Amino acid sequence: MTTVATMIPHSRPAIDQEALRVVVDVLSSRHIAQGACVERFEHEMAAYFGLQGGVAVSSGTAALELALRALKIGAGDEVIMPSYVCAAPWLATQRVGAQATLVDIDPDTFNIDPFAAGLAITEKTRAIIVPHLFGLPADLAALEKLGVPLIEDCAQTLGAMEQGRSVGTVGRLTVCSFYATKLLCAGEGGMVLSDDASLLERVRSLREYDGAPVLDPSSFNFKLTDLQAALGLSQLGRLSAFHERRQFLAATYREILSSKTVICPNVPPGRTHGYYRFVIRVPSMQAKPDGLMNLIGQLEQQGIHCRKPVFRPLHRYLDMPGFPRSDEADRTALSIPLYPDLTGDEVGQIVQSLGKVLG
Ligand SMILES: Cc1ncc(COP(=O)(O)O)c(C=O)c1O
C-alpha cells in the first residue's frame, strides 16, 4: 500500500518564502480583517484584467451570487449554464431564487456549447454563466452573439486568450475564485470584476451589512480578509511565472503521452490554454460505468492522485436526461496532476504509472 508521504497530490499550492513573509507582515500589523490589503488586491486584479474595478469577496460561489444580484436577477428569471461544471453556478442561482437552465457542452472543449445555449434562451433568460473550464476559454465570440449578458466564470482560467482577448474582459461581469487549489490562491476567496461602476457598487453594498442605510436581506458577510489578500497579491506577482511553468509541463505531457491510448486537451484555433488542469480523455472508459473510478483507484495504488475534473455533472444530481456530451465527459475525462511545483521526476512517475495502468 502506498503511504501518503509518497503520494503525488492532484493539487499543491505554490507557497514561497515571500508568501510566508507577506502573511506574517499582515499578522504583525494587527490589521487582519478586510482593509488596505484587500483594497490593493482589488485594484491590482482590476488592472490585471484591464477592467474598471473589482470587489473582493469570501469565495467564488459568493462572487457568482453577488454577480447575479448585481444584475437584479431573482424569482421568475432564468440563468443558462452548462451541466458539466461544479455546483457553484447552480447554487448561486438557487440562492437568488432564479431558475437554472442547464445545457450540454461542446465535446471538443468541455465548455458550454453556444448553439445549445442559444436554443435554451426564452423571454425569461437574464444571463448566461460561462465557466472557462480547466484553463481553456469558452467560445466567447459565439456566446456574445446570443445577446444575453454573460457572467464569465474565471475560477479555473486566468490569462488565456480567445480571439486576441483575455478571458474575463468580455462579459458584463467576471468572477474569480482564490480557493487553495486555484491558479491564484488565497486559501479561500473570490472577486467580482466589471467595467460597469454601478454593478460594482451594488456588489460592494451587498458584501457587508455594517453601516447600511436599510436592512437588506440579500446582504450578508461576504468579506475577504487582509491575510488572504496579502497571499493573493503575492500570487498575482508570480502568475506569469506560474503560467510559463504550466505551459512547459503541458508540452511535456503532450510529448510523452502522444503515443498512449489517451487524448490530450484540444485547443481550438484562436484560443490559448492556461492549463489550470491537464484533463485527458480515456476513450476506453466510455463503455465502463465505474471504469474511471477504478482507474483513479489503481493510480492511487501507484502513488498518483488523479481526479474526475468535475465531481458530478449537474443534470446527474438533478436526475435529468438529455446531456450525452456531459455524460461522455463524466465517463472519460481524467485530470492528472499539473501545477507549478510539479517536478520533472514527478511527471515521469505519473506518465509511467499511466502506462502501467492503461496497458
Ligand atoms: C468553475 C467554478 N466556478 C466557481 C467555483 C466556486 O469557487 P469557490 O470554491 O471559491 O467558491 C469553482 C470552484 O471550484 C469553479 O471551479
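**Reading a predicted model: definitions and values**

User: Why is A46 called buried?

Analyst: A46 has 20 other C-beta atoms within 10 Å. Burial requires 20 or more other C-beta atoms within 10 Å of the residue's own, exposure 12 or fewer, and partly exposed residues lie in between, with C-beta atoms placed from the backbone. A46 is therefore buried, with its 20. The model is predicted: local features need pLDDT of at least 70 and side-chain atom pairs count only at pLDDT 80 or more, whereas totals for chains, interfaces and linings use all residues. Residues are numbered from 1 along each chain as its sequence is written.

User: Where is A46 found, and which residues does A46 touch?

Analyst: A46 is found in helix 2; helices (H or I, at least four residues) and strands (E, at least two) are DSSP runs numbered from the N terminus. Leaving aside residues up to four places away in sequence, A46 touches L51, Q52, G53, G54 and L193. Contact here means that C-beta atoms, placed from the backbone, lie within 7 Å.

User: What is the order of the strands in the open sheet, and why do strand 1 and strand 3 stand at the edges?

Analyst: The seven strands follow the order 1-9-8-5-4-2-3, with mixed pairing. Strand 1 (53-57) and strand 3 (99-103) each have a single partner strand, so one side of each lacks a neighbour in the sheet. On average, neighbouring strands are turned by 20° against each other, direction ignored.

User: Which pairings are parallel or antiparallel around strand 5 and strand 8?

Analyst: Strand 4 (residues 125-131) and strand 5 run parallel, joined by four bridges, with I129 opposite I151. Strand 5 and strand 8 are also parallel, over three bridges, and D153 has V175 as its bridge partner in strand 8. Strand 8 and strand 9 are antiparallel over four bridges; V175 is partnered there by V192 in strand 9.

User: What makes both faces of strand 9 covered?

Analyst: G190, V192 and S194 on one side are buried, and so are M191 and L193 on the other. Strand 5 (residues 150-153) has L150 and E152 pointing one way and I151 and D153 the other way, and all are buried. In a regular strand, side chains alternate between the two faces of the sheet.

User: How is the chain divided into domains, and how many residues does the contact take from each?

Analyst: Domain 1 covers 17-234 and domain 2 covers 239-358, with bounds from an automatic or database domain assignment. Their C-alpha centres lie 25 Å apart. The contact takes 27 residues from domain 1 and 29 residues from domain 2.

Notes. Two strands pair if DSSP finds at least two bridges between them. Axes are lines fitted to C-alpha atoms, for helices over the stretch in contact, and angles run from 0 to 180 degrees between N-to-C directions. Two residues are in contact if their C-beta atoms, placed from the backbone, lie within 7 Å.
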